Amino acid sequence: MSTAQVKKIMMDKKKILLLDDHPVFRKGLVQLINGEDDMTVCGEADSYYHATRLVTSRSPDMIIADITLRDVSGLELLKYLNDRNMKIPVLVLSMHDELVYAEKAMKAGAGGYIMKHEMTDNVIKAIRQVMNGKIYISDSINKLVVQKYFTKNQKESDLIPDILTDREFEILNLIGKGYKRKMIAEKLNLNVNTIGTYRERIKEKIGVESSSELTAKAILWFQNGDLS
């Protein structure tokens with residue numbers, strides 16, 4: 001095969017950018033994707049800021065993004081693309097419970113959501129579906145969506161992803177993980193006072209008064225997806 005033919009084959013392949021902060025996981029995903037005839041990994045990033053640079057320099061046809069990164073939430077990349085009207089399909093691939101995060105990701109603009117433990121069996125199917133402009137969600141999420149439309153009396157915990165902004169939701173989960181105010185500020189590259197403001201907003205929205213009550217509720221939410 002000539003060099004020109006090889007080059008044409010590579011140009012015809014869909015370019016996928018990976019955004020995940022676990023190098024071993026990325027390596028496995030690279031091998032899986034590069035094993036397909038019509039797609040290739042064009043770049044890897046472990047942080048939001050690195051990813052934004054690669055989006056410009058590599059011009060990917062699709063992005064696979066985790067939620068938990070070294071700096072900010074992977075959902076921030078969806079906002080970055082939306083703000084710049086960049087029509088790049090995004091598949092969110094995460095270890096976080098899809099019953100909690102999938103709707104949040106889809107509302108932010110993701111084309112699909114898949115759990116990491118489903119990677120071997122379903123990730124290629126999910127990639128192709130999202131790349132072709134279709135939505136990919138699991139059967140359990142499909143059932144949840146139907147249930148939400150036909151159930152009038154929702155629990156307080158069911159409403160949490162809807163009443164909090166993406167940043168508030170991210171901070172609630174960090175509190176639930178045991179992060180203190182200064183640690184959250186450092187992780188999200190925000191001022192400590194700004195984190196304090198977010199905490200007050202969260203307290204008001206979920207109906208708690210003290211910081212200790214907020215911490216207790218956040219831990220319950222992080223562990224069980226329930227505030228009761």
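These questions and answers cover the fold, aromatic pairs and salt bridges of a predicted model.

Q: How many helices and strands does the chain have?
A: The chain runs to 228 residues, and buried residues make up 46% of them. Its secondary structure comprises twelve helices and five strands.

Q: Among contacts between residues at least 6 apart in sequence, what share joins residues at least 24 apart?
A: Contact here means heavy atoms within 4.5 Å. Counting pairs at least 6 apart in the chain, the share that joins residues at least 24 apart is 61%.

Q: Which residues form one aromatic cluster?
A: The structure holds two aromatic pairs. In one, the ring centres of Tyr 48 and Tyr 49 are 4.9 Å apart with planes at 80 degrees, so the pair is edge-to-face. In the other, the ring centres of Tyr 48 and Tyr 80 are 6.3 Å apart with planes at 90 degrees, so this pair is edge-to-face too. The cluster is therefore Tyr 48, Tyr 49 and Tyr 80.

Q: How many residues apart in sequence are the parts that Tyr 48 and Tyr 80 tie together?
A: The rings of Tyr 48 and Tyr 80 pair edge-to-face. Tyr 48 lies in helix α3 (residues 48-58) and Tyr 80 in helix α4 (residues 75-83), so the parts tied together are apart in sequence by 32 residues.

Q: Is Tyr 49 buried, partly exposed or exposed?
A: Buried means under 20% relative accessible area, and exposed means over 50%. Tyr 48, at 14%, is buried. Tyr 80, at 12%, is buried. Tyr 49 has a relative accessible area of 42%, so it counts as partly exposed.

Q: Which ring does the charged end of Lys 116 sit over?
A: Lys 116 is buried, with a relative accessible area of 15%. Its charged end lies 4.2 Å from the centre of the ring it sits over, that of Phe 25.

Q: Which residues are linked with Lys 116 in a network of salt bridges?
A: Side chains of opposite charge can pair when their charged atoms come close. Lys 116 and Asp 20 meet in a salt bridge at 2.8 Å, N to O. Lys 116 is in the loop between β5 (112-115) and α6 (119-131) and Asp 20 in the loop between β1 (14-19) and α2 (23-34), so the pair ties together parts 96 residues apart in sequence. The network links Lys 116 with Asp 20 and Asp 66.

Q: How many residues apart are Arg 128 and Glu 36?
A: Arg 128 forms a salt bridge with Glu 36, with the closest N and O atoms 2.7 Å apart. Arg 128 is in helix α6 and Glu 36 in the loop between α2 and β2 (39-45); the separation is 92 residues.

Q: Which helix holds both Glu 170 and Arg 167?
A: The two side chains meet in a salt bridge at 3.0 Å, N to O. Glu 170 is buried at 13% relative accessibility, and Arg 167 is buried at 14%. The residues are three apart, so about one helical turn separates them within helix α9.

Q: Which residue has its backbone oxygen 2.8 Å from a polar atom of the side chain of Asn 173?
A: Asn 173 is found in helix α9 (residues 166-176) and is buried, with a relative accessible area of 5%. Leaving aside neighbours within four places in sequence, Asn 173 is in contact with Tyr 101, Trp 221 and Phe 222. The backbone oxygen 2.8 Å from its side chain belongs to Phe 169.

Note on methods:
Residues numbered from 1 in each chain as written. Predicted model: local features only at pLDDT ≥ 70, side-chain atom pairs only at ≥ 80, totals over all residues. Heavy atoms only, no water. Phe/Tyr/Trp six-rings, centres within 6.5 Å; stacked < 30°, edge-to-face > 60°. Buried < 20%, exposed > 50% of the residue type's maximum accessible area, 1.4 Å probe, protein only. Helix = DSSP H or I, 4+ residues; strand = E, 2+ residues; numbered from the N terminus. Lys NZ or Arg CZ within 6 Å of the ring centre and 35° of its normal. Polar contact = N/O pair within 3.5 Å; in protein donor to acceptor, adjacent residues only side chain to side chain. Salt bridge = Lys/Arg side-chain N within 4 Å of Asp/Glu carboxyl O.
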